[in-house]
Amino acid sequence: MTFEITQSSPRDAKHERIHVPSADGTVKWFSGNVYSIKLTAGQTGGALGVVEAWVPPGGGPVAHTHADQDETFFLISGELEFLGGDHVFTAGPGDLVHCPRGTRHRFKNIGLYTAHMLFFCTPGGSEGLFLEGGDIPEPGVHVPAWGPEHSQGPVLGLFTKYGLEAMPEA
């Protein structure tokens with residue numbers, strides 16, 4: 001993974017440009033999905049985390065909330081069913097979904113094809129959940145779904161560490 005970071009002005013070292021080529025990012029398998037972490041809170045002074053996601057049919061996280069972060073999703077291809085608060089709706093290519101902190105939300109691929117999207121965490125930080133808790137991809141192997149031994153064990157501790165709380169659906 002390579003990141004190009006340059007200062008925009010020698011007089012103001014706080015403003016930096018970060019270029020992440022399309023093939024770069026740290027790829028992790030997490031709960032049956034593929035995530036490429038493009039930007040982390042550490043790279044953006046805490047301001048932002050950006051993740052590219054591929055969600056296979058049936059894939060998606062459990063309903064959850066973020067205590068201190070807003071999460072915004074931009075769907076590139078496919079269809080995802082979203083839960084936002086108490087509302088369930090379908091988002092398609094070009095749609096944007098914003099979930100303010102504290103809002104119970106989740107997405108689920110109810111279609112026939114893998115969905116592709118970007119999501120943005122503001123401020124950044126929760127992308128660390130995927131970096132720390134995700135599996136290292138294996139070439140030539142399909143992403144496995146996680147069973148309870150994985151998703152209910154160490155991952156729940158990481159939810160707490162990164163300010164997430166699993167919230168059952170009604």
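This report covers the sheet, the nonpolar core and the pockets of one predicted model.

Residues are numbered from 1 along each chain as its sequence is written. The model is predicted, so local features need pLDDT of at least 70, side-chain atom pairs count only at pLDDT 80 or more, totals for chains, interfaces and linings use all residues, and side-chain values use heavy atoms, with hydrogens and water left out.

**The sheet**

Helices (H or I, at least four residues) and strands (E, at least two) are DSSP runs, numbered from the N terminus. Two strands pair if DSSP finds at least two bridges between them. Six strands make an open sheet, ordered β3-β4-β5-β12-β7-β10, with antiparallel pairing. β3 (26-30) and β10 (96-99) are the edge strands; each has a single partner, so one side of each lacks a neighbour in the sheet. On average, neighbouring strands of this sheet are turned by 25° against each other, direction ignored. For such angles, axes are lines fitted to C-alpha atoms (for helices over the stretch in contact), and values run from 0 to 180 degrees between N-to-C directions.

Two pairings show the detail. β3 and β4 run antiparallel and are joined by five bridges. Trp29 faces Val34 in β4. These strands form a hairpin with two residues between them, and Ser31 in the turn has a positive phi of about 55°. Strand β5 (residues 49-55) pairs with β12 in the antiparallel sense over seven bridges. Here Ala53 stands opposite Met117 in β12.

**The core**

In soluble globular proteins, nonpolar side chains tend to be buried together. A nonpolar core is a set of buried Ala, Val, Leu, Ile, Met, Phe, Trp, Tyr and Cys residues joined through side-chain atoms within 4.5 Å. Buried means under 20% relative accessible area, exposed over 50%, and partly exposed in between (1.4 Å probe, protein chains only). The largest nonpolar core has 25 residues; Tyr35, Phe73, Leu80, Phe107, Met117, Phe119 and Phe130 touch the most other members. β4, β5, β7, β8 (80-84), β10, β12, α1 and α3 each supply at least two residues of this core. Its largest share, four residues, comes from β12.

Leu83 lies in strand β8. Leu83 is buried, at a relative accessible area of 2%. Gly111 sits in the loop between β11 (105-108) and β12. Gly111 is partly exposed, at 24%. Gly111 and Pro56 are 55 residues apart in sequence, yet 8.6 Å apart in space, C-alpha to C-alpha.

**The pockets**

On a 1 Å grid over the protein atoms alone, a pocket is an open set of points where a 1.4 Å probe fits, with protein on both sides within 12 Å along at least five of seven lines; lining residues have an atom within 4 Å of a point. Grid points are joined across faces, edges and corners, and a volume is the space filled by probe spheres set on the points.

| Pocket | Volume | Lining | Nearest the centre |
|---|---|---|---|
| Largest | about 390 Å³ | 25 residues | Phe30, Ser31, Pro61, Val62, Phe159 |

For residue classes, Ala, Val, Leu, Ile, Met, Phe, Trp, Tyr, Cys and Pro count as nonpolar, Asp, Glu, Lys and Arg as charged, and the others, Gly among them, as polar. The lining of the largest pocket has 16 nonpolar, eight polar and one charged residue. α3 gives the most to this lining, with three residues. The lining of the second largest pocket has six nonpolar, five polar and two charged residues.
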